[in-house]
Amino acid sequence: MSNLAEKITEFTVVKVNHRGEECDRTLKKTIYQIEHLTEDIPLELVPLTGSNFLMGAPETEIGANSTQTPQHQVTVAAFSLGKYPVTQAQWRTVAAFPQVNLPLQANPSCFAGNELPVEQISWFEAIEFCARLSQHTGRNYRLPSEAEWEYACRGGTTTPFHFGETITTDLANYSGVNWQYDGRIISRGAYGAGSEGEDRKETTPVASFGVANDFGLSDLHGNVWEWCADYWHNNYQEAFNNGKPSSEADNNFRPLRGGSWNTGPNACRSAYRKKYQADANLYNIGFRVCSS
């Protein structure tokens with residue numbers, strides 16, 4: 001059964017100006033919930049009170065497209081979200097719990113490391129992880145809806161990133177270099193007036209940049225794509241305004257959020273959406289858990 005504890009923890013919030021230069025650094029505190037998977041492996045979650053927020057990208061935002069519009073008001077109920085994506089140590093522990101529907105590999109990731117985010121995870125496998133965790137703890141664990149994920153990512157901001165108008169590779173793990181094909185740039189390493197940066201070509205340990213958004217959540221921009229619970233819809237024309245997952249659609253596609261280590265900064269925006277088939281398990285796809 002659940003062994004949930006709470007502790008007050010400090011975290012650092014960084015903001016940048018439109019050129020990506022740090023303009024504010026603030027130390028904040030929040031309550032973290034801790035689910036002890038084992039004595040040495042905790043699963044940390046941030047309880048969020050929920051609120052109204054404007055979901056989607058304004059048409060004036062650099063990189064905005066029809067999949068991220070129209071902007072619409074959404075009311076999100078209270079929920080808790082993983083402080084960072086599920087790690088390989090957490091995955092391995094839960095993968096050893098009794099099977100609910102599907103078998104799970106103990107070590108599916110391309111990049112090995114206990115504190116690295118687990119990757120090469122399909123949507124179905126992420127659902128199985130949540131089911132095993134729920135069965136083991138007696139709490140309801142699941143994937144977040146797209147609305148919950150974006151609300152959590154923004155942390156009260158309306159800018160493209162929770163850091164501000166742009167982003168840098170000093171603050172997140174994404175590809176900060178221009179990708180070229182046939183003599184033309186197909187992915188830019190800089191966003192807006194920001195500058196190019198590093199291309200690490202691999203995942204980084206969760207929370208390794210030492211920064212979080214205003215809610216105390218880390219690694220929302222870059223590192224690994226994160227599955228959401230919804231079925232894929234091409235836009236928000238008929239979107240729910242209650243924060244719940246979108247209704248079932250006649251397709252096998254599911255949305256992912258946050259960008260990854262091998263995408264440019266545009267794909268890391270709070271409003272950016274991508275779709276993959278639910279059985280896709282690539283080396284840049286992970287997830288984080290939600291509870292309510």
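## Aromatic clusters, cores and a buried helix

Phe 53, Phe 79, Tyr 151 and Phe 215 make up one aromatic cluster. The model is predicted. Twelve aromatic pairs are counted in it.

**Aromatic pairs**
- Trp 91 and Phe 287 pair edge-to-face, because their planes stand at 80 degrees, with ring centres 6.1 Å apart.
- This pair links distant parts of the chain, 196 residues apart: Trp 91 belongs to helix α1, Phe 287 to the loop between β13 and β14.
- Both Trp 91 and Phe 287 are buried.
- Trp 261 and Tyr 283 are also edge-to-face, at 5.2 Å centre to centre and 70 degrees between the planes.
- Trp 261 sits in the loop between β11 and β12, and Tyr 283 in the loop between β12 and β13.
- Trp 261 is buried at 5% relative accessibility, whereas Tyr 283 is partly exposed at 38%.

**Nonpolar cores**
- The largest nonpolar core holds 31 residues; Trp 91, Phe 129 and Phe 287 are among those with the most contacts inside it.
- β3, α1, α2 and β10 each supply at least two of its residues.
- Helix α2 gives the largest share, five residues.
- Another core, of 23 residues, lies apart from it and includes Phe 79 and Trp 149.

**Helix α3**
- Nine of the nine residues of α3 (146–154) are buried, so this helix is largely enclosed by the rest of the structure.
- The buried residues include Glu 146, Glu 148, Glu 150 and Arg 154.
- Just after α3, Gly 155 adopts a positive phi of about 60 degrees.

**Charges over rings**
- The charged end of Arg 254 is over the Tyr 231 ring, 3.8 Å from its centre.
- Lys 275 lies over the face of Phe 253, 4.6 Å from the ring centre.

How values were computed
Residues numbered from 1 in each chain as written. Predicted model: local features only at pLDDT ≥ 70, side-chain atom pairs only at ≥ 80, totals over all residues. Heavy atoms only, no water. Buried < 20%, exposed > 50% of the residue type's maximum accessible area, 1.4 Å probe, protein only. Helix = DSSP H or I, 4+ residues; strand = E, 2+ residues; numbered from the N terminus. Core = buried A, V, L, I, M, F, W, Y, C linked by side-chain atoms within 4.5 Å. Phe/Tyr/Trp six-rings, centres within 6.5 Å; stacked < 30°, edge-to-face > 60°. Lys NZ or Arg CZ within 6 Å of the ring centre and 35° of its normal.
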